[in-house]
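Here is a friendly briefing to read with the model open beside you. Take a look at the fold before you start on the notes.

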Amino acid sequence: MIRIANVLTLLVLASGAAHAQQDPVGLGKKLATSNCAVCHTFGKGEPNGQGPNLFGIVGRPLASESGFKYSTGMKAAAGQVWDEKLLDAWLTDTQSVAPGNAMTYFEGDEARRQKIIAYLRTLH
Ligand code: HEC
């Protein structure tokens with residue numbers, strides 16, 4: 001009986017792990033927490049860090065977070081609106097979007113970028 005219970009527990013754990021792998025938003029949140037949260041906050045009204053708060057970033061104009069002191073390069077690229085495509089370009093190579101900006105981070109793995117962006121899209 002005990003052995004059957006153990007096997008069942010393992011099965012439940014295994015299906016839980018498989019489910020997590022198919023959940024891009026959940027994985028994106030984990031990636032964002034480990035890769036972006038050192039500089040960015042994600043919750044509504046949370047303070048800016050080294051980078052601006054990212055709540056509502058999809059659909060938000062570039063360099064528009066109040067109270068954040070953007071670099072000259074970032075301000076020069078203002079006038080665009082963040083959508084999935086622009087975020088993908090930004091995370092691939094920030095300098096291609098806003099030359100001279102101050103964010104020293106890039107994500108070369110497309111699948112990881114897509115998951116991060118899937119999570120960012122939920123922040124509304
Ligand atoms: C080492 C710190 C750091 C890390 C790590 C970092 N960023 Fe940034 N980020 C910045 C800074 C600083 C800026 C502002 C750049 C400027 O003003 O030139 C910025 C700006 C941005 C912007 C533009 C925001 C706006 O208001 O226009 C987005 C979007 C962004 N970061 C997303 C991310 C994501 C997503 C990650 C993780 C995958 C990440 N960043 C990781 C520091 C960082």
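A residue counts as buried if 20 or more other C-beta atoms lie within 10 Å of its own, as exposed if 12 or fewer do, and as partly exposed in between, with C-beta atoms placed from the backbone. By that rule, 21% of the 124 residues of the chain are buried. Please keep in mind that this is a predicted model: local features need pLDDT of at least 70, side-chain atom pairs count only at pLDDT 80 or more, and totals for chains, interfaces and linings use all residues. Residue numbers start from 1 along each chain as its sequence is written.

**Overall fold**

- The chain has 6 helices and 0 strands; helices (H or I, at least four residues) and strands (E, at least two) are DSSP runs, numbered from the N terminus.
- Along the sequence, this reads as α-α-α-α-α-α.
- Two residues are in contact if their C-beta atoms, placed from the backbone, lie within 7 Å.
- Of the contacts between residues at least 6 apart in sequence, 45% join residues at least 24 apart.

**The nonpolar core**

- A nonpolar core is a set of buried Ala, Val, Leu, Ile, Met, Phe, Trp, Tyr and Cys residues joined through C-beta atoms within 7 Å.
- The largest such core has 14 residues, and Ile57, Ile116 and Leu120 have the most contacts inside it.
- Helix H4 (84–92) and helix H6 (110–121) each bring at least two residues to this core, and H6 provides the largest share, with 4 residues.
- Beyond the residues up to four places away in sequence, Ile57 touches Trp82, Leu120 and Leu123.

**Helix H6**

- The expected span of a helix is 1.5 Å times one less than its number of residues.
- For the 12 residues of H6 this gives 16 Å, and the end C-alpha atoms are 16 Å apart, so the two agree.
- Buried in H6 are Arg113, Lys115, Ile116, Ile117, Tyr119 and Leu120.
- H2 and H4 are among the elements that cover those buried residues.

- Ala32 lies in helix H2 and counts as partly exposed because it has 19 C-beta neighbours inside 10 Å.
- Leaving aside neighbours within four places in sequence, Ala32 is in contact with Ala37, Phe42, Ile116 and Tyr119.
- Ala32 and Lys115 are 83 residues apart along the chain, yet their C-alpha atoms are separated by 9.0 Å.

**The loop between H2 and H3**

- Val58 is found in the loop between H2 and H3, and it is partly exposed, with 17 other C-beta atoms within 10 Å.
- The contacts of Val58, not counting residues up to four places away in sequence, are Trp82, Asp83, Glu84, Leu120 and Arg121.
- From Val58 to Leu120 the C-alpha separation is 6.9 Å, across 62 residues of chain.
- Ala63 also sits in the loop between helix H2 (24–35) and helix H3 (72–76), and this residue is buried because 20 other C-beta atoms lie within 10 Å.
- Ala63 has a positive phi of about 55° although it is not a glycine.
- Most residues other than glycine have a negative phi.

- Leu86 is found in helix H4 and is partly exposed, with 15 C-beta neighbours inside 10 Å.
- Apart from neighbours within four places in sequence, Leu86 is in contact with Gln80 and Val97.
- Gly100 belongs to the loop between helix H5 (94–97) and H6, and its 13 C-beta neighbours inside 10 Å make it partly exposed.
- Gly100 is in contact with Ser71, Thr72 and Gly73, leaving aside neighbours within four places in sequence.
- C-alpha to C-alpha, Gly100 and Gly73 are 4.4 Å apart in space and 27 residues apart in sequence.

**Around the ligand**

- A residue is near a molecule if its C-beta atom, placed from the backbone, lies within 6 Å of it.
- The ligand is surrounded by 30 residues, the closest being Cys36, Cys39, Gly51, Ser71 and Asn101.
- H2, H3 and H4 are the elements that give two or more residues to this shell, and H4 gives the most, with 3 residues.
- By class, the shell has 19 nonpolar, 9 polar and 2 charged residues, where Ala, Val, Leu, Ile, Met, Phe, Trp, Tyr, Cys and Pro count as nonpolar, Asp, Glu, Lys and Arg as charged, and the others, Gly among them, as polar.
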